[in-house]
Amino acid sequence: QVQLVESGGGLVQPGGSLRLSCAASGRIRSIERMTWYRQAPGKERDLVAGINKDGNTNYYVDSVKGRFTISRDNAKNMVYLQMNSMKPEDTAVYYCHGVILTTNLIMSNYWGQGTEVTVSS
């Protein structure tokens, strides 16, 4: 069994910063691609940023480029999303997604439960 648990959400003023964390635990052999998604009220879940296994390739949706940074710590099975210069339109529930190879050699997709981010004055 594998679990992803997000943390770090909350209320922040426009222009402020938050750092989201996602901790992976369980019967993990290796973690491949890790991705952050977000879902605003009444909207679909959209990709925000992703990072490859080695952490040397990442990608972002245009609306967060230059403001958000995704990173990972493979030794700790963690992925992070540093969010700067935040805007009201960043308000959403943020989800961590991982492509994970378990110890019984099964590759599957896993989702966290989400962490809520509100950008408001």
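Strands, sheet and core of a predicted model

User: What makes E4 and E9 a pair of strands?

Analyst: Nine bridges join E4 to E9, and the two run antiparallel. Two strands count as paired if DSSP finds at least two bridges between them, so E4 and E9 meet the criterion. Strands themselves are DSSP runs of at least two residues, numbered from the N terminus. The model is predicted: local features need pLDDT of at least 70, side-chain atom pairs count only at pLDDT 80 or more, and totals for chains, interfaces and linings use all residues. Residues are numbered from 1 along each chain as its sequence is written, and side-chain values use heavy atoms, with hydrogens and water left out.

User: Which other strands pair with E9?

Analyst: E11 is joined to E9 by three antiparallel bridges, with Ala92 opposite Val117. Strand E10 (residues 107-111) is joined to E9 by five bridges, also antiparallel, and Ser108 in E10 is the bridge partner of Ile100. The hairpin of E9 and E10 has four residues between the strands, and Leu105 in the turn has a positive phi of about 65°.

User: Why is E9 called mostly covered?

Analyst: Ten of the eleven residues of E9 are buried. Buried means under 20% relative accessible area, exposed over 50% and partly exposed in between, with a 1.4 Å probe and protein chains only.

User: What makes E1 and E7 edge strands?

Analyst: The open sheet of four strands has the order E1-E3-E8-E7, with antiparallel pairing. E1 and E7 each have a single partner strand, so one side of each is left without a neighbour in the sheet. E1 is joined to E3 by six bridges, with Glu6 opposite Cys22. E7 and E8 likewise pair over six bridges, and Ser71 stands opposite Tyr80.

User: Which residues lie on the covered face of E7, and which on the uncovered one?

Analyst: The covered face holds Phe68, Ile70 and Arg72, whereas the uncovered face holds Thr69, Ser71 and Asp73.

User: What makes a set of residues a nonpolar core, and which residues have the most contacts inside the largest one?

Analyst: A nonpolar core is a set of buried Ala, Val, Leu, Ile, Met, Phe, Trp, Tyr and Cys residues joined through side-chain atoms within 4.5 Å. The largest such core has 29 residues, and Trp36, Leu81, Met83 and Tyr94 have the most contacts inside it. Among the elements that give two or more residues to this core are E4 (28-39), E8 (78-83) and E9 (92-102).
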